Amino acid sequence: MKIDGSKEIIPVLYGDSAVRILHFSIPEGNKLCFPSHWHERMELTFVHSGSMHLTLGNDEYELPCGSLGIIPPEKTHAAFSGKDGVEYYTIMFDISSFYNSSFATEKHLKPIVNLQNDFISLTNDVEIMNAVSSLIDEQLHGDKYSCLTVIGEIYILLGLLYRKCLSSQIPSEHSGGDFADIFDYISNNYCDRISTAELSSKFGYSEAYFCRRFKALAGLTPMQYINMLRLEKAKNLLKNSNTKISVVSAKCGFNSVSYFSKLYKKHFGISPKG
C-alpha cells in the first residue's frame with residue numbers, strides 16, 4: 001500500500017449497490033476536474049461530452065467524448081477539462097465489496113486489489129461503452145431493485161475489461177509459469193485421492209515450499225483449491241441427476257459424507273440435500 005499525503009481521506013458512501021456514480025459538468029476549458037490524489041478503490045471516468053486531460057501516474061492521456069479512463073487502485077491521478085469543457089461521470093467501487101466464494105474472486109478480483117493485474121488506461125470499445133451506459137442508467141434512473149442489477153453490471157464490466165483491456169504487463173512477484181502443469185494436473189485429477197504431500201513430491205518440490213507458493217498464486221491452499229473444484233462438480237451432479245449424496249461424495253473424491261456435507265453447506269449456504 002502507498003503511504004503519502006495525496007491519499008484521499010474522505011470516505012465514499014456507496015449505498016445498496018456498493019457503487020457510487022457522480023456526474024460533473026465543467027463548461028470552461030482547462031479547469032481542474034479533480035486534484036492529484038489516489039485511493040484504494042477502482043474508478044472509471046466516462047467522458048459524455050467535451051474532453052478531459054487525465055494524468056495517471058507518470059503518464060498523460062487525452063480522453064475524447066465517448067471514451068473511458070480506467071483508474072486502478074492506488075494509482076495517483078488528476079484531470080483538467082479540455083479546451084471546450086467536459087461533462088463526465090465518475091464510477092466508483094471497491095472491488096473487495098464484490099468478493100464471493102467463487103474461483104473468479106481469487107483468480108480475477110483479488111489480483112486487481114493486490115496490484116498484480118493492470119489494465120490499459122483508455123478505451124472507447126463499443127461493447128464496454130454500452131456496458132458503462134447501461135450501468136449509469138440503471139444506477140441513476142432505476143427502481144428499488146436496481147441495486148441488484150448494478151452489481152451484475154459491475155461483474156459484466158470487469159469481465160469486459162479483462163477480455164479487452166488487460167495490460168500485456170502484469171506485475172507480480174509470482175509468475176506461476178512453472179506451476180501451470182500442476183494446475184493442469186489438478187484440473188484433470190481433482191476427484192482422485194490426492195494430497196499436498198503427493199503433489200509436491202510428484203512435481204519435485206518440498207511440501208512446505210509447494211504449499212506456500214501455491215497459496216501465493218491461487219489465494220488458497222492446495223486442498224482448499226481442490227475441494228472447491230470438487231464441490232462445484234458435486235453441485236452439478238446433484239442438480240442434474242438423482243444420484244445419492246453418498247455416491248456423489250465418493251465420486252468427487254471425499255472420504256466422508258459428513259465432511260462433504262459440512263463443506264458443501266459452508267460453501268453454498270445450503271445442505272447437499274437442498
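Two strands count as paired when DSSP finds at least two bridges between them. That rule applies to β3 and β4 in this predicted model, where five bridges join the two strands.

**Strand pair β3 and β4**
- Strand β3 covers residues 42–56, and strand β4 covers residues 59–63.
- The two strands run antiparallel.
- His53 has its bridge partner, Glu62, in β4.
- Together β3 and β4 make a hairpin, with two residues between them.
- Gly57 sits in the turn and has a positive phi of about 65°.

**Helix α3**
- Helix α3 takes in residues 146–165, which is 20 residues.
- Its end C-alpha atoms lie 27 Å apart.
- Buried residues in α3 include Ser146, Val150, Glu153 and Ile154.
- Leu157, Leu158, Leu160 and Leu161 are buried in α3 too, as are Tyr162 and Cys165.
- An α-helix has 3.6 residues a turn, so residues three or four places apart point the same way.

**The second largest pocket**
- The second largest pocket has a volume of about 350 Å³.
- It is lined by 15 residues, and the closest to its centre are Leu220, Gln224, Met228, Lys266 and His267.
- Helix α7 supplies the largest share, five residues.
- By class, the lining holds five nonpolar, seven polar and three charged residues.

Methods: Residues are numbered from 1 along each chain as its sequence is written. This is a predicted model: local features need pLDDT of at least 70, side-chain atom pairs count only at pLDDT 80 or more; totals for chains, interfaces and linings use all residues. Side-chain values use heavy atoms; hydrogens and water are left out. On a 1 Å grid over the protein atoms alone, a cavity is a set of points where a 1.4 Å probe fits but cannot get out, and a pocket is an open set with protein on both sides within 12 Å along at least five of seven lines; lining residues have an atom within 4 Å of a point. Grid points are joined across faces, edges and corners, and a volume is the space filled by probe spheres set on the points. Helices (H or I, at least four residues) and strands (E, at least two) are DSSP runs, numbered from the N terminus. Ala, Val, Leu, Ile, Met, Phe, Trp, Tyr, Cys and Pro count as nonpolar, Asp, Glu, Lys and Arg as charged, and the others, Gly among them, as polar. The expected span of a helix is 1.5 Å times one less than its number of residues. Buried means under 20% relative accessible area, exposed over 50%, partly exposed in between (1.4 Å probe, protein chains only).
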